[in-house]
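Reader: I have a model open and would like to go through it. Can you take my questions as they come?

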Amino acid sequence: MQKSAITRAQRRDTQDQQRAQKAVATMTLKAAELVLVRHGETDWNREHRLQGQQQPGPPLNQRGWQQCELLRGVLQQRFTHFDAVVSSDLLRTVQTAQVLAAAYSIQVQQHPGLRERNLGLLQGLTYAEGPVAQPAAWAALQRGSSSTRIPGGGESLNDLRQRMAATLLDIAGQYPGKRVLLVSHGGALHAAHRAARGYDARGKVVNCGISILMAEPSSSSCNGRRCSLPGQQQLASEQQHKQQPTCEQSQQRQQQDKLSQQQQHHKAHSRQTVAADEFSSKQHGRCIHLCSDSSAAGRHISTDGSRCGSKCNSGADGLGAEQQQAASSAHGGCLAADKQQAASSGRLALLVWNDGHELAERGMLDAAGFGGSANEA
C-alpha cells in the first residue's frame, strides 16, 4: 500500500514537472528563474523547537555551516552565475546566503517577505512544550483549516501562501529575465509549492534543499476593491464623451445594459472557474492574481489564458481594525512593498522541488528529513 502511494506521488510529481515545462515554454523573456533553498541546520531544528519569525532567531550550528559549504559547491556545479542573492532577514537565512553569495561575489539583499511563517505564541517552544504551555495556539497550528491564524499575531497558511506568492512575483519583477538565488525557510517554501502547484507537498523541506521556480509577473489594474472586468474601461471612456443626441443615447443605454449583463455572466463564470480550478493541478502553471490588503484576502487563481474577473474581496475574512492590524503584523512588514502597487499578478511554474540528494549522499541530511509532515520546526 505504501509502495502504491509512493508511486502515485512520484507519478504526480512527474506530471507536474511536465506541465511546468509547458508553462515555461509559453512565458516571455521577462520570466525570472528563482532558485530557492532552505537555510542550513540550527540547534532548534534538532531540538524540534519552533523557530518562526523570532528575532534574530537561532544561528546555524556546526552541521548547518557544513551543509552550506556543500551546497555552495553543488550550486557552482549547476549554475555558472546568479544576478542577485536575496535572503529572508532572519539570522539563519542570512548566514546561509552569505556563504552562497561569496561563491559568486555578490552582496546579499534581504527581503522580509521570505520570512518563515509567524507562529505567534508558539515561537521558541518545542513540540513537547507547545501543547502544554499554549494549548489554544497549539490547537490552531494542528487544525486542518488553512484560514486559522495562530494566536499572538501568527499567520494562517493562507496568509503565508499569499505573502510568498506576492514576494516571488515582486522579486521576479525586479529581475526580469534574470536568475536569482533566494534563501528562505521550510514553511515558506511549502507555501511557494502551494502557490505554484495548488496543493500541499508531501514530506519536509530538507535543510539546504534546492527548488527551482519560474516566475513571470504581469501588469494588472485593481483600483480599490474591485478588479476591472472586460468592457469597464470602455464604459468609463464612453461616459467621458460629450452628450450625444437622444436617439444615440438610447442606443448607447441598450449597449450598456447588454454589456452589464455580459459582465455579470462573466463574473459568475469566473467564480465557477475559480472554485473548479483553485486546487487543480491539471493546468500548465498557476496564474496568480493578488490584491494588496492587510488581511491578505483577494487571491484569485484561474487557468492559463483566462481572465481574472472575480471581485477582490478585501473584507472576506470580516476582520475588524484591530484584527487587520494584527494580520498585517503577522506578515512581518512584508506587505509594505505590496502597497506600493494596487495589485500583483503573474504566473508561477515549479520545475524542481526539494532536491537534496547530493547532501544526502555525503551524509549531511537525515533520512527522516525526506518524510514527516509539512510543519517545519
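Reader: Is Gly130 buried or exposed?

Author: Gly130 is buried, with a relative accessible area of 0%. Keep in mind that this is a predicted model.

Reader: Where does Gly130 lie?

Author: Gly130 lies in helix 5, which covers residues 130-133.

Reader: And which residues is Gly130 in contact with, leaving aside its neighbours in sequence?

Author: Once neighbours within four places in sequence are left aside, Gly130 is in contact with Leu122, Leu125, Pro135 and Trp138.

Reader: What does the charged end of Arg49 sit over?

Author: The charged end of Arg49 sits over the ring of Trp44, 5.9 Å from the ring centre.

Reader: Let's step back. How many helices and strands are in the chain?

Author: The chain has 13 helices and 8 strands. Its length is 377 residues, and 50% of them count as buried.

Reader: Of the contacts between residues at least 6 apart in sequence, what share joins residues at least 24 apart?

Author: That share is 78%.

Reader: Now helix packing. How do the axes of helix 3 and helix 4 cross?

Author: The axes of helix 3 (residues 62-78) and helix 4 (residues 91-102) come within 9 Å and cross at roughly 35 degrees. The crossing is right-handed.

Reader: Which residues meet there?

Author: From helix 3, the residues are Trp65, Cys68, Glu69, Leu71, Arg72 and Leu75. They meet Gln95, Thr96, Val99, Leu100 and Ala102 of helix 4. Sorted by class, this contact has 7 nonpolar, 2 polar and 2 charged residues.

Reader: Next, aromatics. How many aromatic pairs does the structure hold?

Author: It holds 3 aromatic pairs. One of them is Phe79 with Phe82, at 5.2 Å centre to centre and with 45 degrees between the planes.

Reader: Why is the pair of Phe79 and Phe82 called tilted?

Author: Because planes under 30 degrees apart count as stacked and those over 60 as edge-to-face, with the rest being tilted. The angle for Phe79 and Phe82 is 45 degrees.

Reader: Are Phe79 and Phe82 buried or exposed?

Author: Phe79 is buried at a relative accessible area of 6%, and Phe82 is buried at 5%. Together with Tyr104, Phe79 and Phe82 form one aromatic cluster.

Reader: On to the backbone. What is the peptide bond from Gln55 to Pro56, cis or trans?

Author: The bond from Gln55 to Pro56 is cis, and its omega is near -10 degrees. Pro56 is found in the loop between helix 2 (43-46) and helix 3.

Reader: What about phi of His48?

Author: His48 has a positive phi of about 55 degrees, although it is not a glycine. The place of His48 is also in the loop between helix 2 and helix 3. His48 is partly exposed, with a relative accessible area of 42%.

Reader: And what is phi of Ser105 near?

Author: Phi of Ser105 is near 55 degrees, a positive value in a residue other than glycine. Ser105 sits in the loop between helix 4 and strand 3 (108-110).

Reader: Why does Ser105 count as exposed?

Author: Its relative accessibility is 72%, and exposed means over 50%.

Reader: Change of topic. Where is Gln17 found?

Author: Gln17 is found in helix 1, residues 2-26. At 27% relative accessibility, Gln17 counts as partly exposed.

Reader: What does Gln17 touch, not counting residues up to four places away?

Author: Gln17 touches Arg197 and Leu351. The C-alpha atoms of Gln17 and Val352 are separated by 7.4 Å, and these two residues are 335 residues apart along the chain.

Reader: Last one. Where is the place of Asn158?

Author: Asn158 has its place in helix 7, residues 157-174. Asn158 is partly exposed, with a relative accessible area of 26%.

Reader: Which residues is Asn158 in contact with, again leaving aside neighbours within four places?

Author: Asn158 is in contact with Ser146 and Ser147. From the C-alpha atom of Asn158 to that of Ala191, 33 residues apart along the chain, the separation is 8.4 Å.

Definitions and conventions: Residues are numbered from 1 along each chain as its sequence is written. This is a predicted model: local features need pLDDT of at least 70, side-chain atom pairs count only at pLDDT 80 or more; totals for chains, interfaces and linings use all residues. Side-chain values use heavy atoms; hydrogens and water are left out. Rings of Phe, Tyr and Trp (its six-membered ring) pair if their centres lie within 6.5 Å; planes under 30 degrees apart count as stacked, over 60 as edge-to-face and the rest as tilted. Buried means under 20% relative accessible area, exposed over 50%, partly exposed in between (1.4 Å probe, protein chains only). A charge sits over a ring if NZ of Lys or CZ of Arg is within 6 Å of the ring centre and within 35 degrees of the ring normal. Axes are lines fitted to C-alpha atoms, for helices over the stretch in contact, and angles run from 0 to 180 degrees between N-to-C directions. Helices (H or I, at least four residues) and strands (E, at least two) are DSSP runs, numbered from the N terminus. A crossing is left-handed if the near helix is turned anticlockwise from the far one by less than a right angle, and right-handed if clockwise. Contact means heavy atoms within 4.5 Å. Ala, Val, Leu, Ile, Met, Phe, Trp, Tyr, Cys and Pro count as nonpolar, Asp, Glu, Lys and Arg as charged, and the others, Gly among them, as polar.
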